[in-house]
Amino acid sequence: RRARVFLRLDQPREAALDLEQATALTPGRAPLHLLLGATQMKLGRFADASATLLEGIQAAPSDAALRRRFDECLHSLREQGVASSRPSGRRGAFSRGRVPCGSRVGTRRRRGCR
């Protein structure tokens, strides 16, 4: 709760510190990963945000909000030139609810995987 107050007061650094502690104490809580990832994106820490959001997706593979935020984060990384373009032979990472081929996030084999 305190992290949300920090965000409302436009203090994202303090919110990120609280959320990092909360995710360390309860690592399987997808909403915490979503909020921390969004906060890290607000701070411009897109690489950290993508890792945080991916952990959240692993905890809750069907969470559409996490997937959307992850896609936004990857888009921002690509705009900065940090993330490379899509690997050959694969579709976009987590776009439209799909996971990359060979990903451990999903348990079934995805259509279009080689």
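Tutor: What follows looks at one helix and then at the nonpolar cores. Please keep in mind throughout that this is a predicted model. The helix to look at is H2, which runs over residues 12–25 and so counts 14 residues; from its first C-alpha to its last, H2 reaches 20 Å, close to the 20 Å expected at 1.5 Å a residue. Buried along H2 are Pro12, Ala15, Ala16, Asp18, Leu19 and Thr23. When one looks down the axis of H2, these buried residues fall within an arc of 165°, and therefore they line one face of the helix. The other side of H2 carries Arg13, Leu17, Gln21, Ala24 and Leu25, which are exposed. The cover over the buried residues of H2 includes helix H1 (2–8) and helix H3 (30–42).

Turning to the cores, the largest nonpolar core has twelve residues, among them Ala30, Met41, Phe46, Leu53, Phe70 and Leu77. At least two residues of this core come from each of H3, helix H4 (46–59) and helix H5 (64–80), and H5 gives the most, with five residues. A second core, separate and made of eight residues, includes Phe6, Leu19, Leu35 and Leu36, and with Leu19 we are back among the buried residues of H2.

Terms used. Residues numbered from 1 in each chain as written. Predicted model: local features only at pLDDT ≥ 70, side-chain atom pairs only at ≥ 80, totals over all residues. Heavy atoms only, no water. Helix = DSSP H or I, 4+ residues; strand = E, 2+ residues; numbered from the N terminus. Expected span 1.5 Å × (residues − 1). Buried < 20%, exposed > 50% of the residue type's maximum accessible area, 1.4 Å probe, protein only. Arc of directions from axis to C-beta. Contact = heavy atoms within 4.5 Å. Core = buried A, V, L, I, M, F, W, Y, C linked by side-chain atoms within 4.5 Å.
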